[in-house]
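Please look over the structure below before reading the briefing.

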Amino acid sequence: MKYEFTEDELKQIEVIKARYPEARPATLPVLWIAQNKFGHVEPDVQKLVARTLGLPEAHVHGVAEFYTQYYKKEQGKFVLDVCTCLSCQICGGYDILHYLEDKLGIKHGETTKDKMFTIQQVECLGACGYAPMMQITNGVYVNHLTREKVDKVIHGLKNGEMPEFEPMEMRKVKPQEN
Amino acid sequence: MPEVFIDGKSYEFEGQPKLLQFIMDEGLELPFFCYHPSMSIPANCRQCMVKVGQPVKDRDTGEYELDENGERVIRWFPKLQTACNFDVTDGLVVKTQESDELVERAQKDNLEFILINHPLDCPICDQAGECPLQIQTYKYGPEGSRFEVKKVHKPKRVQLGPRVILDAERCINCTRCTRFADEISKSYQLTITKRGDKNYPTTAPGETFDDPYSLNTVDLCPVGALTSADFRFRARVWEMNQTPSIDVSNGKGCNIDIWTRDNQVLRITPRHNPHVNDYWMPDVGREIYPLFNDNRISRPSVILDGENQIKSSWNNAIETFGEQMEAIKPEEILAIGSAHASVEENYLFAKFGNLLGISTPLFTPHIEPGSGDGFLITDDQAPNTNGVRLLGFEETDSKQLKTAVKSSNAKMILLLSDHLIDRGVLSADDLSGKYLVMFATNESETTKKADLLFPITCVVEHAASYVNVDGRIQRSFPAKETKYTNRRLDLEMTEGRLDRYGTKFDNWVTDENKVDCLPVWDLMALIGGRLGLDITYEGGSREVIKEVSQNMPAFSGVTYERMDDELGIELDTEHQTVKS
Ligand code: SF4
Ligand code: FES
Ligand code: FES
């Protein structure tokens, strides 16, 4: 498939490039432009990015592969990133992952037939205090997961309802009295 | 001079060395994987940990603070540091694994980490025997692993490119290979994919690692993750014998090592020479090794009744040559030297002709414009073009050479090791009616035309010198025995384990891989003897180069000893060229 950027996007890319002394640092934001446009950055999209920025294809490929947030192939409408890194793992991250896999009938790394859901197993998303957690399509974090909560979220997503981003309850620390 | 204390001993230093390099330069040891002196320093393998501290200075007086014993007070870095990217500074105190248990422990634990997902398949791995991971685990590693769960699996037997194969499970992600492609060969073809314990090097999707320098990554790889498609499973390295030599595939003269087993060259690797090729060499230079084993001319041949070349004895061939020479006038003989042959060979070839009154040899360089890359691949396809120039041979272009050959004056042609028909300078017809005497190493279309064909030693069978495109004279060592040499007697030759302990009654050593050929200096002595000339060199090529250095101003002061000590000698090509 042939992927192209529009004139407008190219202009936007020029603006991004101008922010840095060389083209390399522009790789990340330009991959975002590509992913937002095409929904993924599969190899041909990576090549487009490399060509546009005048960078080696291998470099762009390495960057895209490094981050789970870039989708290297077409994904479902909702990408569920379930964290199984240390804190989440201890608090039941794998339980949640396997529950979700059974519920949707796919393994992580796969997409449901109706192209609705993709499950990814990911490393720490920096929300360890609310473990176990998952992220939906590089956006909303759903924290303190339980099976019931997973059921609710999936049900909601099927009806097009994205869960609210849950504000974190900060524990109030009393100033120490000396 | 500023000084640094390593394991309690003081060392002076100059400039701004990095600690790991300094430690190695002092002949000390520290385990490491990712560092390479010619590339950037990512400090990612974490193997080179040391403990470092700075002496405390009194701010007011600028004096070192002393403790109650009169020793300098040291402020240690709170954590161990990687030596590879650590700057050596005045007064620095360093503790390595030799004097500090924490450092020893850190190195051991790091190795345990690195080995967690390593397949430990040394018995079937090509790198075994020359593997930094194997050696350092043996020296500094833990006895066993505490990691008893399943290892991460990754792609195996990946054909990264035509010449390089990847086993991703063995990779320790030091990034030496990707840095090589980015910083040295500049093909930018490699990257590391994925992250954490799943990562490994790869090309962009659909791309192939066809970098003309790709095989250097195989040398660089500190484990068996990158192996040579050609050399894989061919030999265990400890069974081979390693001899220093010079790349003859082009004019750069990369310094190389020739690896032999049972007198067969099995691979070529680069040898460090900062003046020529640093640590690198082009893949083509490695790929020529079959030339040294196969298709060799063994025993002289003569053409009988104008048709078939048949093998002949040395005596008969020399007698035939003698008779032909006696029946012809020197003016009717055309001598053609060769940029593919060494200085010593060309010199003797010219000297022989000179004694007989034959005019100075011609030669035509073997240049393919545009084939060079400005790095280690040159337009010049021959290793010794400048050497022949400096010997004062008459340089002609290929047209002039053709004319000279076709001229009716030339009845006999003496041709030294230049396959002129194969490289398109002459056609077979140009030689009809001429009596062609050729001295060569390998069979070719050109040698087929020879009326008299003398097999001579090739670069891996003799010690001889070659002058590269930059005017640097460097020499080879004999690596492979001929029918007439013996590595136990020839002090220039080295012995590998099998050479030393093998016999022809076991499975590993045969007598088969020895070519029936002579070095030009021995051959000339025999031919000279038949013709009543005294051209003997008891000391072989070493004595020849001595004579060259005495007779030819361009080579004055050149000896094998100097070439060995100085990694070659830069000749003054500008001013000394006699004719060009
Ligand atoms: S393949 Fe070898 S050189 Fe490349 S990163 Fe892995 S261990 Fe290092
Ligand atoms: S471990 Fe799951 S968010 Fe940090
Ligand atoms: S050599 Fe220092 S970290 Fe690898």
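In this predicted model, the mean positions of the 64 positive and 91 negative charges of chain B lie 5 Å apart. Lys and Arg count as positive and Asp and Glu as negative, while His and the chain ends are not counted; each charge is placed at NZ of Lys, CZ of Arg, CG of Asp or CD of Glu.

**Fold and surface**
- Chain B holds 17 helices and 25 strands, which are DSSP runs (helices H or I, at least four residues; strands E, at least two) numbered from the N terminus.
- The C-alpha trace of chain B spans about 95 × 60 × 50 Å along its principal axes.
- Of the 580 residues of chain B, 54% count as buried, meaning under 20% relative accessible area with a 1.4 Å probe and protein chains only.

**Largest pocket**
- The largest pocket has about 1,200 Å³ of space, a pocket being an open set of points on a 1 Å grid over the protein atoms alone where a 1.4 Å probe fits, with protein on both sides within 12 Å along at least five of seven lines; the volume is the space filled by probe spheres set on the points, which are joined across faces, edges and corners.
- Its lining has 43 residues, each with an atom within 4 Å of a point, and E14(B) gives the most, with five residues.

**Basis**
- Residues are numbered from 1 along each chain as its sequence is written, and chains are lettered from A and ligands numbered from 1 in the order in which they are written.
- Local features need pLDDT of at least 70, side-chain atom pairs count only at pLDDT 80 or more, and totals for chains, interfaces and linings use all residues, while side-chain values use heavy atoms, with hydrogens and water left out.

Conventions: Buried means under 20% relative accessible area, exposed over 50%, partly exposed in between (1.4 Å probe, protein chains only).
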